[in-house]
Amino acid sequence: MATTYQAKMDIRGFLRFSEDTVSKFSKMKGQAFADVFVDPVGSRIGISVSSKLKENSFRILDTNESRLLYLKGALNAVKSQVTSGDITLTQEGDKLVFQCKKSSKKGPWTLLACRNSAGLPMISLDTRGTLILDRRCIDALKTKVNDTLTPAYDAKKKSFTLTFGKKGLVNVRTIQSHASVSFMGTLSSFGIDLPKERLRTSVAIKGNTLTFKLAH
């Protein structure tokens with residue numbers, strides 16, 4: 001018989017883990033994160049608790065001796081509405097599974113990326129060649145002042161190093177929440193095609209340089 005745990009969901013889509021659940025998952029104590037998986041075919045959400053921060057991590061919030069996890073995006077991904085009240089989670093391997101709707105079918109798990117990340121500086125590159133730097137990047141690199149960049153590309157490592165300053169080769173446009181760079185010409189100059197789908201990845205920042213890989 002599968003092991004079950006109790007939780008509650010509020011009208012905002014926050015899942016509140018019970019004290020019993022928290023006590024049985026050592027990784028949920030202190031600073032904790034979650035990989036959130038979705039199965040639209042089976043109307044399921046899978047939660048894998050981790051003590052390590054990764055690119056797609058959701059932060060498990062510690063409030064008033066309880067733990068909260070925001071699942072509104074996951075509910076949308078499986079086309080399910082927020083259901084406030086008691087929730088039963090079933091343990092399947094390393095996942096706590098929330099069955100949103102009754103279903104006799106099961107599909108494959110797909111990892112759901114947290115749009116805001118849980119703390120890592122992130123960039124995204126869309127199919128038109130626009131590079132977007134998140135708030136952590138623009139704060140660390142001071143892009144409002146260092147409003148240009150000079151790119152370098154290491155073909156062996158498939159990694160870019162962008163050096164920010166006031167007299168670079170490519171303009172950087174910064175607004176309140178992010179910065180954007182027209183990166184199409186840069187990709188073309190290094191013989192790199194535009195991505196066929198939007199890419200999102202974490203970056204390494206050191207001083208006024210930002211490094212990221214196009215492929216892992």
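Leaving aside neighbours within four places in sequence, Thr130 touches Ser124, Leu125, Ser180 and Val181, where contact means heavy atoms within 4.5 Å. This is a predicted model, so to speak of local features a pLDDT of at least 70 is needed, side-chain atom pairs count only at pLDDT 80 or more, and totals for chains, interfaces and linings use all residues. Residues are numbered from 1 along each chain as its sequence is written, and side-chain values use heavy atoms, with hydrogens and water left out. Here is a short tour, starting with the whole protein.

**Overall picture**

- The protein has four helices and 19 strands; helices (H or I, at least four residues) and strands (E, at least two) are DSSP runs, numbered from the N terminus.
- Along the principal axes, the C-alpha trace spans about 60 × 40 × 30 Å.
- Of the 216 residues, 41% count as buried, with buried meaning under 20% relative accessible area, exposed over 50%, and partly exposed in between (1.4 Å probe, protein chains only).
- Among contacts between residues at least 6 apart in sequence, 64% join residues at least 24 apart.
- The accessible surface comes to about 12500 Å², and carbon and sulfur atoms account for 50% of that area; the areas come from the Shrake-Rupley method with a 1.4 Å probe, and for residues only the protein chains shown count as cover.

**Charges**

- There are 35 positive and 18 negative side chains, and the centres of the two sets lie 3 Å apart.
- In this count Lys and Arg are positive and Asp and Glu negative, while His and the chain ends are not counted; each charge is placed at NZ of Lys, CZ of Arg, CG of Asp or CD of Glu.
- The charged end of Lys95 sits over the ring of Phe37, 4.6 Å from its centre (NZ of Lys or CZ of Arg within 6 Å of the ring centre and within 35 degrees of the ring normal).

**Aromatic rings**

- The count comes to seven aromatic pairs; rings of Phe, Tyr and Trp (its six-membered ring) pair if their centres lie within 6.5 Å, and planes under 30 degrees apart count as stacked, over 60 as edge-to-face and the rest as tilted.
- The Tyr153 and Phe190 pair is tilted, because the ring centres are 5.7 Å apart and the planes stand at 50 degrees.
- This pair links distant parts of the chain, 37 residues apart: Tyr153 is in strand S12 (residues 148–154), and Phe190 is in the loop between helix H4 (184–189) and strand S17 (199–202).
- Tyr153 is partly exposed at 23% relative accessibility, and Phe190 is partly exposed at 33%.
- Phe160 and Phe212 make a stacked pair, since their ring centres are 5.6 Å apart and their planes at 25 degrees.
- Here too the pair links distant parts of the chain, with Phe160 in strand S13 (residues 159–165) and Phe212 in strand S19 (residues 209–213), 52 residues apart.
- Both Phe160 and Phe212 are buried.
- One aromatic cluster is formed by Tyr153, Phe160, Phe183, Phe190 and Phe212.

**Back to Thr130**

- Thr130 is found in strand S11 (residues 130–133) and is partly exposed, at 23% relative accessibility.
- Phe183, a member of the aromatic cluster, is 53 residues from Thr130 in sequence and 5.5 Å away in space, C-alpha to C-alpha.

**Positive phi angles**

- Most residues other than glycine have a negative phi.
- Lys79 has a positive phi of about 55 degrees; Lys79 lies in the loop between helix H2 (72–77) and strand S7 (85–92) and is exposed, with a relative accessible area of 70%.
- Lys158 also has a positive phi, near 55 degrees; Lys158 is in the loop between S12 and S13 and is partly exposed at 44%.
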